[in-house]
Structure formats: C-alpha cells, structure tokens
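Welcome! Here is a short tour of the structure shown below, arranged by topic so that you can follow along.

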Amino acid sequence: MSTTLFKSAYDGAIIATSYAQILLERAIKEHGADTPVKYPDTAYRLPVITALTGEEVNVLGDLPPILNRVRCTHLREELNFENAKLAGEATHYAAEIIEALRYLNGANPATEPWTGFLSDPILRKFGVPLVDFTIPGVAVIIGKARSGKEAAKMIKNLQAKGMMIFLVNDIIEQLLEENVKLGVDYIAFPVGDFTAAIHAVNFAYRAGLAFGGIKPGERLQQLDYQSRRVRAFVLALGELDDVRIAAEMGAIGMGFPVVTDQPLAEEIPDWFVSEPDYDKMVKLALELRGIKLKIVDIPVPITVGPAFEGETIRRADTYLEFGGGKTTAFELVRMVPADQIEDGKITVVGPEITDIKVGDRLPLGIMVDIYGRKMQEDFEGVLERRIHYFVNYGEGLWHVAQRDLAWLRISKTAAEAGFKIRDYGEILIAKFKSDYPAIVDRVQITIYTDKAQVDEKIKIARAKYAARDDRLRGLTDESVENFYSCILCQSFAPNHVCIVTPERVGLCGAVSWLDAKASNEITPTGPNQPIAKGACLDAEKGMWQNVNEYLYNNSHQTLEEVNLYTLMDRPMTSCGCFEAIMAIVPEANGIMVTTREHSGDTPCGMSFSTLAGAVGGGLQSPGFMGIGRRYLVSNKFIPADGGIGRIVWMPKELKTFLHDDIVEQSKKLGLGEDFIDKIADETVGSTIDEILPFLEEKQHPAMAMEPMI
C-alpha cells in the first residue's frame with residue numbers, strides 16, 4: 001500500500017476543507033446565515049450531505065457544524081487505506097459545499113457547454129438505460145490528456161462502448177477543440193472545473209436515494225449500494241496534486257477504482273493504479289470495475305453507440321431527409337421462412353446518397369426480413385420498435401416515430417464521413433443479431449428509396465400494422481391467463497416489482513404486455529416472468545393471489561399485497577424510471593398527474609423531482625404512484641377510484657400528447673367529449689387555490705364523486 005498516496009489524501013483533504021470553510025464564512029458574511037442554499041431542480045438539496053448524514057440543509061447557517069464535524073471525524077493523521085478513504089469523503093463534503101455556494105440566490109454558474117449540477121430529471125431520464133445496462137458503466141475523467149487528439153480518441157472509444165461520461169478540467173477544452181460532441185444528448189457531461197467533479201459524485205448518490213430505496217443518512221448502506229450497483233471508475237489524466245488525490249480516494253471509498261496516466265511510486269493494487277497507454281487505460285479500468293462488454297464490429301464509417309441516441313440533427317445540418325410529412329416513409333419487420341431469406345443481404349432499390357445533392361428529400365421504406373427457429377409473429381412489432389434505437393445509435397443519424405410515420409435524417413458530417421443509405425442495413429443486421437441471438441438467426445434488409453416502390457410496399461406494411469392492432473385491441477386483462485413481471489429496475493431499486501398486464505403498461509412506458517411476453521420468450525430467465533393470475537381476491541381493485549405471492553417473494557419479502565386498479569389501497573410500487581407520477585389532490589377530490597418533462601410546481605405542492613424522491617425506490621405509497629403515460633387512457637386506469645374522471649390537473653404538454661385518446665376514452669365512459677377541457681393545467685394555475693375555481697366553473701365530475709379519503 002502507498003503511504004505516499006495516503007499522505008497526499010490527508011493533506012488534500014486539509015486543503016479542501018479549509019478552502020470550503022473560508023468560502024462558507026465569506027458567503028455567510030455577505031449573504032447572511034439565513035440565506036437558502038440548494039442545487040436547482042432536485043429533491044435532495046445537497047445530495048452528498050443528504051445521502052451520508054440525512055441532515056436537512058436549508059440555509060447557509062446549517063453548513064458550518066456539518067463541515068466542522070467532518071473535519072474532526074474524517075481527518076486522521078494515521079496513514080492507512082481506511083483513513084485515506086475517509087479523507088476523500090471529507091473532500092467530497094468540502095467540494096459539495098463549495099459548489100453549492102455557486103448557486104446562491106438562484107444563480108446558475110454553468111454556461112454552455114459546461115453543465116454544472118445535473119438535475120433530477122436528467123438522472124431519471126437515464127434511469128432505464130442505467131438499470132438495463134444499455135449504459136454499461138460510468139467513466140469520470142479528470143485532468144488534461146497529453147493531446148487533444150488522444151483525448152478525442154479516448155472519448156470516442158468510451159462512447160462506442162455506450163459509457164456515460166463525466167468530464168472535469170482541461171480535457172473539456174481539449175475535446176471542444178477537436179469538435180467532439182458533448183452534453184446531455186450524448187451522455188457526456190462536461191460538468192466544469194476543479195470542485196465541479198462533485199457533480200459526478202452527487203449524481204451517483206442520488207441514484208441510491210432515488211432508485212435504491214436507501215433512506216437519507218444510511219451511510220453504510222449507501223456506500224455498499226455504490227460499490228455494487230453504480231459501475232463507475234475514474235480516469236485521472238495529467239499531473240496529480242494532493243486535492244485531486246484526496247477526491248479520487250473518496251471515489252475509491254465509493255467502490256470506484258482510479259487509473260492514472262502518471263507514474264506512481266507505489267500503487268494501491270486494484271484501486272489506484274498507473275497505466276500510461278490510453279488504449280490500455282480504458283481496458284484496465286473496465287476490468288477493475290468488472291464491466292464486461294459485448295463488442296459488435298459494425299462496418300460503417302461512423303461511431304455507433306447509445307451515447308448518440310439523444311443527438312438532434314437540425315434542418316441546417318441535414319444532408320438527406322426521409323419522411324416527416326414531406327415524403328412517404330415506413331419501416332416493417334417481418335417473420336419469413338428460411339427459404340425466403342439470404343442472411344446478411346442488403347439491397348437498396350432506388351437512389352443512393354451519392355445520387356442526390358445536399359438538402360434533398362427522398363421517400364423511404366425499410367423492410368427487415370427475419371428468420372429464426374424461435375421467432376414468433378408476436379415478436380415482429382417488438383423488434384420493429386428497436387429500429388428507432390438502433391438507427392439513433394449512429395453518430396450523425398436521427399430517427400423519430402415509427403411505422404408509417406417514421407422521420408429520418410442523415411447529417412452532413414455523417415455523409416462527409418462516407419455514410420451510405422445501405423449502411424442503415426449494416427447497423428440493423430449487426431444489432432438485431434447481437435441483441436437477439438436467441439430468436440434471430442438470419443436477417444435480410446431491403447431499403448426502398450424509389451417513390452413508386454415505396455408507395456407499393458407501404459400497402460404491405462399497413463396491412464401488417466392493422467392486423468397487429470386488431471390483435472392488441474382484443475387483449476384485455478380478463479382475456480389472458482398470465483400477467484408478466486418486470487424486475488429490470490431492481491438493479492437500482494432492489495424491492496421494486498412492476499406487474500405488466502394487457503391494459504397496464506410498465507411504469508417506464510417502455511414495456512407492454514406483448515413486449516414482456518416477447519422478452520420472456522427471448523430470455524426465459526430474464527426480468528420478465530409470466531405470473532399465472534390464479535384466484536382473484538378483489539376484481540374491483542385488481543388483486544390476485546398468485547400476483548401477491550410473486551410480489552412477496554421478489555420484493556425480498558418486504559411487500560405482501562398489491563392492487564393493480566387503485567391508487568389508494570396497496571398500489572403498485574415505483575422505482576424511479578416512471579414517465580409520470582399521479583398524486584391525490586384531496587381539496588379537489590381528484591388526482592393530478594405530472595411528468596418528467598414538467599419541471600414546474602404542481603397543485604399538490606411538489607415538483608416532479610420532489611414527488612419522485614418521495615415515491616421512488618420500490619415504495620408502496622397510497623395516494624401516490626409512478627406510471628407510464630399511456631396507462632392514463634387505459635380501461636383499467638384506477639377504476640376502483642373513479643378512473644379518468646378523477647384527473648383534475650396535468651401539464652399542458654401531456655394533455656396535447658394524449659388529447660385524442662383522452663377524448664375517445666371520456667366519450668366511452670360517458671364523461672362527454674369536452675371532458676379534456678375540464679382538466680386544469682399550468683395555464684390555469686399550479687396551486688390548489690388557482691385551480692379550484694376553474695374546476696367548479698367547469699363542473700368537473702370529480703367534484704361530485706364519492707370522497708377519495
């Protein structure tokens with residue numbers, strides 16, 4: 001073990017906590033001890049302090065006792081590994097305080113491209129890909145690379161592997177000079193300089209609070225969660241100083257190994273090691289953190305990985321566009337017999353990208369033929385929806401919507417790199433075969449860009465879509481023998497169990513009953529398991545004996561019963577990946593719904609972030625529940641509580657998104673075609689006092705229903 005590193009950690013912690021004390025005293029003198037202090041748009045105020053101590057920090061005056069106690073308990077002169085990690089933890093406290101002071105009085109110190117503190121909506125946006133390991137791990141890169149080109153190569157390597165990346169200090173400028181794409185859209189966060197590294201730490205701690213069901217102040221449980229669940233590591237580039245070493249030792253205390261490009265007199269085996277070769281550095285860090293990747297070599301001239309899924313391509317940056325209402329575009333996956341497919345064959349019928357000029361539009365038809373010994377017709381739609389993700393994984397590619405509403409763009413940079421229309425086929429073949437080996441044996445792609453051919457082939461696609469929709473409409477909770485579990489999010493929320501039925505989509509919005517069924521067929525031992533309904537204990541509230549037994553066994557015996565059709569009595573648990581949250585509004589005798597996209601206040605007095613912190617982590621919270629958006633227009637939307645007629649408030653964006661479905665459902669239930677106009681939104685108000693007069697004026701049906709409480 002390296003006493004040199006231990007001494008640096010101790011000295012660095014002294015420097016960091018002293019600096020924090022100076023800045024804190026200055027802030028109190030300038031602003032006053034009663035000045036509120038918190039990060040923006042988070043339910044966890046100062047997450048490092050919240051997670052590790054549970055102490056509620058509201059104003060500047062709350063911080064000096066915390067800092068003083070940490071200096072007394074964590075800074076120990078005896079040089080050993082445990083004390084070095086404690087010194088690192090003290091450095092994290094100091095950095096949290098220093099960074100929080102930047103946000104006083106509503107200030108936001110981060111300017112493009114620096115992100116600064118990452119809000120709770122960003123944390124939750126990446127919840128699903130974190131728990132299903134689409135994002136396989138987190139790389140925190142601190143310092144300055146030997147050159148901008150080497151830095152860019154390293155980041156491209158990590159992005160191709162799908163890693164989430166946090167960047168601190170000079171490497172940010174190096175990457176910008178090399179035109180590397182950074183920001184939330186690329187899951188590569190340039191948080192800032194120096195103490196801004198704490199924003200990677202408080203992001204990780206919030207994962208434990210939001211998804212893990214760990215209560216504030218449960219320090220040992222939180223550190224254990226980090227070491228087991230958050231697959232992060234640190235790449236320390238450039239010259240090391242005492243404060244950096246201290247902060248990195250704090251990361252080690254969370255279970256995150258550190259690899260530096262600098263020589264070390266003594267290493268800490270498996271924890272703080274040296275590797276000057278940047279290619280080997282990434283490989284070593286992955287090995288130390290136990291991250292095993294399935295590498296797929298896709299023969300296209302662009303980088304392909306989940307890091308580019310959120311990339312937006314503006315019209316001005318577009319080389320070629322398909323669909324989007326300007327041309328006809330569709331995509332279709334079909335199951336075909338073995339004798340009707342040539343594995344790996346890609347055919348483009350019509351103009352290629354080399355046949356058009358910049359800014360042109362073409363029609364598009366993507367037909368994916370799949371043969372597999374275990375392939376089923378029900379899987380077609382599931383695999384078809386993956387086209388959206390697989391195309392978006394390409395750097396410089398953009399895809400929205402699906403079926404015959406598809407809209408795609410190829411950027412100028414992708415075209416300049418040599419991307420061709422046929423390369424869509426290369427990406428799809430590689431991803432379908434690598435991601436679904438159990439059911440996909442052969443793949444053949446035909447891409448149509450000839451208008452006459454697209455107009456002809458879209459008839460085949462639309463007939464397929466109609467047949468699928470008819471089958472789905474015929475599925476009700478009563479018509480099936482099995483429901484399906486989804487415990488995918490137990491990677492982050494260990495006690496959460498999602499029950500997916502034909503009429504209740506998973507709360508993340510990404511898993512339907514057919515998706516879960518297909519997932520189980522593909523991976524029989526995976527997170528989606530069939531649950532034979534068995535005896536019905538309460539038809540109105542939706543309780544079944546076998547579902548309860550499954551819940552009890554798979555919630556680690558923390559929950560005994562669940563009702564699927566009510567918000568008020570033993571409702572389903574929530575993890576943290578939900579698309580929306582509904583909450584009771586007693587004054588209006590109804591419920592409100594808010595979404596991840598809505599960051600403002602709501603009539604229940606809490607923002608989405610605050611609500612999410614209260615109901616997430618696998619808790620069963622009567623009166624509050626995370627849901628998928630489309631559950632709101634299901635026939636089984638809380639029928640025991642009055643159904644859709646109980647909704648008194650939702651964000652305007654959600655009303656617009658579900659408008660036609662809400663109108664159809666309200667007509668079906670006898671609420672009238674104008675019911676949607678009786679639902680308040682933020683244009684009416686965001687407090688109960690603001691919306692009550694509106695609800696009374698509109699004679700909202702909830703006002704005349706049986707009391708919810």
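The crossing of helices α13 and α16 is left-handed, a term used when the near helix is turned anticlockwise from the far one by less than a right angle, with right-handed used if clockwise. This is a predicted model, in which local features need pLDDT of at least 70, side-chain atom pairs count only at pLDDT 80 or more, and totals for chains, interfaces and linings use all residues. Residues are numbered from 1 along each chain as its sequence is written, and side-chain values use heavy atoms, with hydrogens and water left out.

**Helix α13 against helix α16**

- Helix α13 covers residues 379-392 and helix α16 covers residues 451-473; they pack at an angle of about 120°, with their axes 11 Å apart.
- Axes here are lines fitted to C-alpha atoms, for helices over the stretch in contact, and angles run from 0 to 180 degrees between N-to-C directions.
- Helices (H or I, at least four residues) and strands (E, at least two) are DSSP runs, numbered from the N terminus.
- The two helices α13 and α16 are therefore oblique to each other; angles under 35 degrees count as roughly parallel, over 145 as roughly antiparallel, 65 to 115 as roughly perpendicular and the rest as oblique.
- On the α13 side the contact (heavy atoms within 4.5 Å) is made by Glu-380, Gly-381 and Glu-384, and on the α16 side by Lys-464, Tyr-465 and Arg-468.
- Sorted by class, this contact of α13 with α16 has 4 charged residues, 1 polar and 1 nonpolar.
- For these classes, Ala, Val, Leu, Ile, Met, Phe, Trp, Tyr, Cys and Pro count as nonpolar, Asp, Glu, Lys and Arg as charged, and the others, Gly among them, as polar.

**Helix α3 against helix α4**

- Helix α3 (residues 63-74) packs with helix α4 (residues 81-101) at an angle of about 165°, and their axes are 9 Å apart.
- That makes α3 and α4 roughly antiparallel to each other, and α3 passes α4 in a left-handed crossing.
- From α3, the contact takes in Leu-63, Ile-66, Leu-67, Val-70 and His-74, while α4 supplies Asn-83, Leu-86, Ala-87, Glu-89, Ala-90, Tyr-93 and Ile-97.
- By class, the contact of α3 with α4 has 9 nonpolar, 2 polar and 1 charged residues.

**The nonpolar cores**

- A nonpolar core is a set of buried Ala, Val, Leu, Ile, Met, Phe, Trp, Tyr and Cys residues joined through side-chain atoms within 4.5 Å.
- Buried means under 20% relative accessible area, exposed over 50%, and partly exposed in between (1.4 Å probe, protein chains only).
- The largest nonpolar core has 161 residues, and Met-164, Phe-166, Met-249 and Met-582 have the most contacts inside it.
- Helix α4 gives this core its largest share, 11 residues.
- Apart from it lies another core, of 47 residues, among them Ile-298, Ile-302, Phe-379 and Val-382.
- Beyond residues up to four places away in sequence, Met-164 touches partners including Phe-126, Leu-130, Ile-187, Phe-189 and Phe-203.

**Some buried residues to look for**

- Ile-302 sits in the loop between α12 (278-289) and β7 (318-323), and is buried, with a relative accessible area of 11%.
- Leaving aside neighbours within four places in sequence, Ile-302 is in contact with Gly-394, Glu-395, Leu-397, Ala-414, Ala-417 and Phe-419.
- Leu-286 belongs to helix α12 and counts as buried at 7% relative accessibility.
- Setting aside neighbours within four places in sequence, Leu-286 is in contact with Lys-161, Met-163, Phe-233, Ile-291 and Leu-293.
- Thr-595 is found in strand β21 (residues 590-595) and, at 0% relative accessibility, counts as buried.
- In helix α21 (residues 659-668), Ile-662, Val-663, Gln-665 and Ser-666 are buried.

**Positive phi values**

- Asp-270 lies in the loop between β5 (258-260) and β6 (272-274); its phi is near 75°, a positive value in a residue other than glycine.
- At 53% relative accessibility, Asp-270 counts as exposed.
- Arg-570, in the loop between α18 (545-554) and β20 (580-585), has a positive phi of about 50° although it is not a glycine.
- Arg-570 is partly exposed, with a relative accessible area of 29%.
- Gly-670, which follows α21, has a positive phi near 75°.
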